[in-house]
Amino acid sequence: MLNSILIEQFAGINRQKKSGVLTVVGPSFRLRFCIEDGDPVGLDFCADKDLVLAQALVDFHKIGPEMYQMAVESRRLGKGSVADLVRRQQVVNEDEISQVTRSMVEDTLVKCFGTPHQEMVFDERDDASTFDFDNSAIRLRIGTAVLLNTVQSRVNEIDKVMADVGGPDAVFSLSENESGSAPLSDLEKHVLNFIDGRKTVEDIAVAFRESTLNMSRLLHGMVAKGVVRRTSIGGVSRLRAAVQPATAASVASAATPVAPATTSSAETLNDFVPHRAAPPAGSNSALRVMLIAALLLVCAIGYLTLVAQRRSSALDSASQALNNSMTAGKWDEAIAQIETARTEAGNDLQALDRVKALQDSLDAALAAEHSAISKLTAEQDYQAAQDRLNSLPLTAQPIELRTELQRGQNSFQGRSDRLLADVTTALENGQAAQALRLLA
């Protein structure tokens, strides 16, 4: 459930451009946000961030309890980072470490904004000098508007997924609709082999070395495609029952003693020789063709996997670059990065969904920038408003905003010209006191 009080606190600090440290305490976390001019620039986990990473690796089922205890002991003795330890033990590869590290920060923010807080304090006297960026804190490069939009959408998505899926102990079985309503990805097909009406969501997540939340998302999508359904109790779906071994009743009936046969029948059975088909007389060309086809299929799958990984990596880079550009106010670069990401996505529907999410983030950031410019115009800070408007691409400058700013500047210039004329006239007539009153 979204913590609306914390959302409003962040929005209020941003509106007033305050600086300080916001401390948020929840049932299982304590976090400190360093805020400068209304935007977060640092996050303190209030704990060794290496141990936070170790716990994230456990949550993603990359390491077990024994390896986690080894990591804790290694950190206590100062024997290096958790990432170095799991690399040496060869239990987690570099890509998995990068994935979990990225998710660690995002999941921490989602937990903070999706959980009712127990305590919240904003101290304007505190600053970044109290943050230990080497051991317990990280730097943030995301504006408040983008942060709030992101966490709100993520919390709402997670609430819906967990409500529909039913939690880590939920059990799924194959749907009676064998064909489903949409094609499945390779990962979904692989997961389908684990759907047996017995394994829980947690069991499947462990098998795939994936977080329970991500596995719940995947199963939620498969339910929408009509290939699996949530089962209230354990059991085997009828699709699987059709290929199960013989039932106990049939086994029992097979084991029932049979009356002895006659002697001639016994002799006949003794002389019985099972039929064995003779080996084919032809060549092995058919086998070779099948092996070549299988090899080509494996190569094709490998190529598609590499393309998908490269596309995912490119989209991750585009997402980070987009956040950096929006934070720095480089809107031309941000728009160009969206186009680059769209080109990289090609016809991949999942990648196109990620590009749409990036576009939504950019639109939200531009809307926040438009609101800031409008506020500066209302406060008659026309120069600052003009500078921020000029930093936007022409296609991102609403005509209403330009008209509003131009009208304000013209009105201000007209009042200034009239005041100048009145003061000049008063001075020429020797009415210095009147001129001073006009300027007051």
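## Salt bridges

User: Is D50 buried or exposed?
Analyst: This is a predicted model. Buried means under 20% relative accessible area. D50 has 16% relative accessibility, so the residue counts as buried.

User: Which residue meets D50 in a salt bridge, and how many residues apart in sequence are the parts that the pair ties together?
Analyst: The side chain of D50 meets that of R75, at 3.9 Å from N to O. R75 lies in helix α3 (residues 65-76) and D50 in helix α2 (residues 49-59). The partner is R75, and the parts tied together are 25 residues apart in sequence.

User: What is the relative accessible area of R125, which forms a salt bridge with D123?
Analyst: The closest N and O atoms of D123 and R125 are 3.2 Å apart. D123 is partly exposed, at 25%. R125 is exposed, with a relative accessible area of 76%.

User: Which helix holds both K160 and D164?
Analyst: K160 forms a salt bridge with D164, and their closest N and O atoms are 3.2 Å apart. The two residues are four apart, about one turn of the helix. Both lie in helix α6.

User: Which residues are linked with R154 in a network of salt bridges?
Analyst: The structure holds 24 salt bridges. A network of them links R154 with E106, D107, E157 and R217.

Technical notes:
Residues numbered from 1 in each chain as written. Predicted model: local features only at pLDDT ≥ 70, side-chain atom pairs only at ≥ 80, totals over all residues. Heavy atoms only, no water. Salt bridge = Lys/Arg side-chain N within 4 Å of Asp/Glu carboxyl O. Buried < 20%, exposed > 50% of the residue type's maximum accessible area, 1.4 Å probe, protein only.
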